[in-house]
Amino acid sequence: MRPSLPAIAILSLALVVAAPVSAQEEIVDLPAADRPIDLNLEELYSIGSIDGAEWETFQTLDAAVFDRDGRLYLLDAPTARVVAIRDGAFSHYLGQQGDGPGEYRRPEGLVALPDGTLAVWDSGKRAFILFAADGSSLGQVAPDYSAGVPAAPMQSLSDGSVLALPLHMVSGRWGEIYLTGDGRRSAAEGLPLLRVPLRRGAEIDLVTRVPGLQGEGVDPASRAFAPRPSWGPVQGNRVALAISDEYEVRVVDRSGSLLTVLRRPIEARRTTRADEAAFRRFVQERYERSLRQGTRGLRPAPPSDEVNAHPVIPPIRRITAGGAAKIWVQRPDDGDPMRSGPIDILDVEGAYVGTVSDAPLGLPAAFGPDGLVAFLTTGELDVPVARVYRLPEGLR
């Protein structure tokens, strides 16, 4: 079932409200034709096994970060473990589950700060548990959550703060609510993108507002192809955002002021019945995979015969950035919009570097020093695997 015209109008209005355009921003029109890039990456190591040691077997891989020395940290939230890896070998665990100092109840987020500190977001304590690179405890921070209680995924800015959306709950057909330190608030104008300073007594800032994620986690069949916000930190405490039906990457400063809009003339296409069928297959595969893996907590819902599809397939599927000058923009596959397609690599200052047409690993989950990147994938029998590569000089 397709959304009615009033529903489409409401969604379009939400996108406009969430991403205002000022008169001072610079609009950069990027070329239409793809410029091919062959990454030709050599794998440095991979972590993830069905029958290996305890440290290298995961139920899920929920987050990955590199510290400034190149150690890789992997979060397996269902088993409450954060594993530190150095050059492909086990280094140490970062904290452990518990109620004491340096322990976490429900670890759900993980960030690496520029000064070398690692922060684990513990939704059980509603605090960031801080660690040194060697695993020693540095205490915990629980900022004022009046603007919103953060939720994973999380990324860090170069000023040592954390970017995150608030924990949100669906409420009504076109509205929703999100959690704050003093109760619940309406997200009728969009969800706040939070900048969370990790120091005692700090207050959380609102960077900007992004369209809500109404329907996720409750009825997946009601939320096909609608644009979902994604973002990444870039140099100079700036944030790259993709939040609409257009091929637009908006670059804002940490106060939310729009600086640059990077555009390519790649248009959204109309949603077809074949696209809806692809969505149903995706939901079915995800549901069956969750049954095989025995995933804890809320499982994905089984597929529905009806699909409430967005009227168009947005040309941007997701973006990411690692705090450096490059923004990675993933487009949908032309034949199956549920699968990842080409990846455009942009410079935050307005240069189009090129397009990786064959990108089976998708977007990097983490960027590290000296061009290190980590991809979170699955191996045989859906075993979670982290694969680490080194980018060529021109893409770092």
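1. Basis. The model is predicted; local features need pLDDT of at least 70, side-chain atom pairs count only at pLDDT 80 or more, and totals for chains, interfaces and linings use all residues. Residues are numbered from 1 along each chain as its sequence is written, and side-chain values use heavy atoms, with hydrogens and water left out.

2. Cavity. The structure holds 1 cavity of 30 Å³ or more. The volume of the largest cavity is about 50 Å³. (A cavity is a set of points on a 1 Å grid over the protein atoms alone where a 1.4 Å probe fits but cannot get out; points are joined across faces, edges and corners, and the volume is the space filled by probe spheres set on them.)

3. Lining. The largest cavity is lined by P227, R228, A242, I243, S244, I316 and R317; a lining residue has an atom within 4 Å of a point. By class, 4 of these are nonpolar, 1 is polar and 2 are charged. (Nonpolar covers Ala, Val, Leu, Ile, Met, Phe, Trp, Tyr, Cys and Pro; charged covers Asp, Glu, Lys and Arg; the others, Gly among them, are polar.)

4. Salt bridges overall. The whole structure has 19 salt bridges. The criterion is a side-chain nitrogen of Lys or Arg within 4 Å of a carboxyl oxygen of Asp or Glu. One network of salt bridges links D34, R264, R331 and D344.

5. D67 and R71. These two form a salt bridge, with the closest N and O atoms 3.1 Å apart. Both D67 and R71 are buried. (Buried means under 20% relative accessible area, exposed over 50%, partly exposed in between, with a 1.4 Å probe and protein chains only.)

6. D159 and R254. Their side chains meet in a salt bridge at 2.6 Å, N to O. D159 sits in the loop between strand 13 (150-156) and strand 14 (161-166), and R254 in the loop between strand 22 (248-252) and strand 23 (258-263), so the pair ties together parts 95 residues apart in sequence. (Strands are DSSP runs of E, at least two residues, numbered from the N terminus.) D159 counts as partly exposed at 30% relative accessibility. R254 is also partly exposed, at 37%.

7. R195 and D205. This salt bridge has its closest N and O atoms 2.3 Å apart. R195 is in strand 18 (residues 191-197) and D205 in strand 19 (residues 205-210), 10 residues apart. R195 counts as buried at 9% relative accessibility, whereas D205 is partly exposed at 28%.

Notes
On a 1 Å grid over the protein atoms alone, a cavity is a set of points where a 1.4 Å probe fits but cannot get out, and a pocket is an open set with protein on both sides within 12 Å along at least five of seven lines; lining residues have an atom within 4 Å of a point. Helices (H or I, at least four residues) and strands (E, at least two) are DSSP runs, numbered from the N terminus.
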